[in-house]
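Hi,

Here is the structure I promised to pass on.

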Amino acid sequence: MKDIRTPMAAKSAGALERLNRSRLDLIPATVKRPGFNPAELTCGILHFGCGAFHRGHQAVVTQRAIELEGAQGLRWGIASASMHRPTTPELLRPQGGLYTVMERDADGTRSEVIGSLGEIIHAPGDQLGLPERMANPAIRLVTLTVTANGYTLEPSSDRLNVDHPHVVHDLEASRRPKSAVGNLARGLDLIKRRGGVPPVIISCDNVSSNGQTLRQAVIDFAALRDDKLAAWIGEHVQFPSTMVDRIVPATRPSDIVEAAGLLGLSDLAPISAEPFLAWVIENFEGERPLWDHAGARFVNKVEPFELAKLRLLNGTHMLLAYVGAVAGYGTIAAASRDERLGALARRFMLDEQSIGLELSAAELATDVDRLMARLRNPAIRHEVSRIGRNGSIKLATRIMTPLRENVQAGRTVDIALLAIACWISWQAPDAEVRYGIKPQDPNLSRLQALYVAAQGRPEALARRFTAQEDIFGPPLEPLQLERLTLMLGRLQAGAIHELMADMLAG
Ligand code: CS2
């Protein structure tokens, strides 16, 4: 999370007492409070990635589950770790882990103080370290929201990227691991050596077959040092897959001001979220909170849910972010309220991204209507810069795989190509000025160098970019390359709105 303690927010919140566990009684009745005493929690869950999504999703469902279970549920506190930056721990610790979730839509805001975070950890500065914490027998579940980028995978194969600097660093046993995969492997190694029972490891990120993919990455990592550990993990550790869904934008200074008004206390780490929340978890053996009574669902096969979520919501999010920025919009809601772009987003889901989904035409139509309403929620300010970040890691799963399946089936892929053309435009070194975005990507310097090398020629841009097989997989077919080149040419001429109109007419 970036530092949102701007002078304005800090000033209005600064005159007030800080939210913390001893001040819960002061909160007005209009704001829901935890139905338990957070000071009585013990931690049964260790979480990697204390970002906004985790705090607006899993922590909320866990709060509800603890409330439902009563005294027994108090063992399901979450020890939540920020993997790299200290900002979130610095904001949450003085608040005893408490923060407000403000659920927003056109009808207004409903707020609740969340108290399910039993402990806040800053991983690099933590005395124990995540592997040692994982080996604590009280920890029965390890959950992750580290973003697709945090899995240190090669995007086109979804296998561990053994050249990733964090992976290379973590393979040295004397060093404290930095990556999620390195920490998990080290923690499991400790548990194996001590004859302990491993926790269940639950990926909650938008990665395809996230449990299976994480399992393979941890086994691949372990096998680089210790075949026996790799085999033990394969035999003894459960990695259920999940589908997670809730739109949770980054916290804005105005959220802090609003939270202060609602609480009468200062909360420097509030969360805004849409009302919708879904969590589908593959069945596993072992204890868990009453998540299934609190909004989550356990099923035998998660993949159909995951695929639909990744293709319909996450893929369309990318379309709206890249095309939206080029068309002059700063947020997803504004982009999807553009008549043409909104119509293209709908068509993208119905005609392109729906390939391979186990949904009837009627179910698909209902899902698409609901998704469009969620994307257009005017009370959620989700910045296109944020959705568009790390595109080189996310394109393969969300856009390229359905694109290839459509090509194979002889179906149109024009809207996917438009998303790719606009993503390429984001790599222009002056994109920040041109589109008012902040491009963020682990491959940004390589992508910008590619852009410069193409010297503005649409054909060279299309060819050079799509030749990056680690990002795109196998090269595009000539017809798609030609369509992409045409689109890039029109984008360079500043004709995005005309291009969208032609696509809708065609
Ligand atoms: C977004 C997701 O940042 C992104 O890639 O598409 O964070 C999206 O908001 C969530 O998956 C919604 O459940």
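Let me start with Ile415, which touches Leu319, Leu344, Arg347, Phe348, Glu352 and Met503 once its neighbours within four places in sequence are left aside; contact here means heavy atoms within 4.5 Å. Before I go further, please note that this is a predicted model, where local features need pLDDT of at least 70, side-chain atom pairs count only at pLDDT 80 or more, and totals for chains, interfaces and linings use all residues. Residues are numbered from 1 along each chain as its sequence is written, and side-chain values use heavy atoms, with hydrogens and water left out.

Ile415 sits in helix H17 (residues 414-426). Helices (H or I, at least four residues) and strands (E, at least two) are DSSP runs, numbered from the N terminus. Ile415 counts as buried because its relative accessibility is 5%, and buried means under 20% relative accessible area, with a 1.4 Å probe and protein chains only. From Ile415 to Met500 there are 85 residues in sequence, yet their C-alpha atoms are 9.3 Å apart in space.

Now to the ligand. Its surroundings are Asn206, Val244, Asp245, Arg246, Lys309, Asn314, His317, His382, Ile387, Lys394 and Arg398, each with a heavy atom within 4 Å of it. Lys309 places a polar side-chain atom 2.8 Å from a ligand oxygen. For Asn206, the distance from a side-chain N or O atom to a ligand oxygen is 2.9 Å, and for Asn314 it is 2.9 Å. On its own the ligand has 340 Å² of accessible area, and the protein covers 87% of that (Shrake-Rupley method, 1.4 Å probe). Strand S11 (242-245), helix H11 (303-326) and helix H16 (391-408) each give two or more residues to the shell, and H11 has the largest share, with three.

Which side chain of opposite charge is nearest to Asp267? That is Arg18, 6.2 Å away, and the buried Asp267 has no salt bridge (a side-chain nitrogen of Lys or Arg within 4 Å of a carboxyl oxygen of Asp or Glu). Lys and Arg count as positive and Asp and Glu as negative, while His and the chain ends are not counted. The side chain of Asp267 does make a polar contact of 2.7 Å with that of Thr100 (N or O atoms within 3.5 Å, one able to donate a hydrogen and the other to accept it within protein; residues adjacent in sequence count only if both atoms are side-chain atoms). A polar atom of the Asp267 side chain also lies 2.8 Å from the backbone nitrogen of Ala269.

Best wishes

Terms used: Buried < 20%, exposed > 50% of the residue type's maximum accessible area, 1.4 Å probe, protein only.
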